[in-house]
Amino acid sequence: MEYNKLIDHTLLKADATEEEIVKLCKEAKEYNFMSVCVNPCYIEVAKRELAGSDVKVCVVTGFPLGAMRTEAKVFESKDAVDHGADEVDVVINIGALKDHKDDYVLNELKLIKQAIPNNVLKVIIECCLLNNEEIERASRLVKESGADFVKTSTGFSKWGAKLEDVALMRKTVGPDLGVKAAGGVKTHDDMIEFVKAGATRIGTSNGVSLMK
């Protein structure tokens, strides 16, 4: 297995500098990762630095809380793609999910996917804030929406990915939808265990050490 092609090499901290993003991109090219995952203000920097490689630019939207208006998430996602993003990781409306406003959640995700039909859409459900029933329900809604991946975490809440959550997500969505484990994947052995649990993409700021 090409483990490097499972990795979204990630830098999303608020104080990330352009110099650090350039370094992230150089590492991603060196190890031929699947993508770099950055905040939207760094799309153009990442596109410039990754030119001539097949490393994709992944951008987060509705991040990290997911509590923006639907129209704002749709605009931000389409704007990211219009400026060069290949993939978008958007945060679900967690409060709406907890309130059992499933129609709201589903409609929001459908509208985002309709705005970027030719690009990979990953939906962050923030498992650390959900119980098992909510993880299952969120995963089903992501699948129904037409999105491409369900993702565990932003990395900015209580904790990141857990093996049991990834396994539950995989069981819920079946074999075809992508499952992304993000946050807390620190070693190569961790990565292997998450892949065994059902992950098909790994979001990590530790990509280089994972490959070493």
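Modeller: Strand β6 (residues 149-151) and strand β7 pair in the parallel sense over three bridges, where pairing requires that DSSP finds at least two bridges between the two strands, and where strands (E, at least two residues) and helices (H or I, at least four) are DSSP runs numbered from the N terminus. This is a predicted model, in which local features need pLDDT of at least 70 and side-chain atom pairs count only at pLDDT 80 or more, whereas totals for chains, interfaces and linings use all residues. Residues are numbered from 1 along each chain as its sequence is written, and side-chain values use heavy atoms, with hydrogens and water left out.

Within this pairing, glycine 178 of β7 is the bridge partner of phenylalanine 149. Between β6 and β7 the chain passes through helix α7 (residues 163-173), in a β-α-β crossover that is right-handed; that is, with the strands pointing away from the viewer, the path from the first strand over the helix to the second runs clockwise. β7 also pairs in the parallel sense with strand β8 (residues 201-204), again over three bridges, and there alanine 182 stands opposite glycine 203 of β8.

As for covering, five of the five residues of β7 (residues 178-182) are buried, meaning under 20% relative accessible area, with exposed over 50% and partly exposed in between (1.4 Å probe, protein chains only). In a regular strand the side chains alternate between the two faces of the sheet. In β7 both faces are covered, with Gly178, Lys180 and Ala182 buried on one side and Val179 and Ala181 buried on the other.
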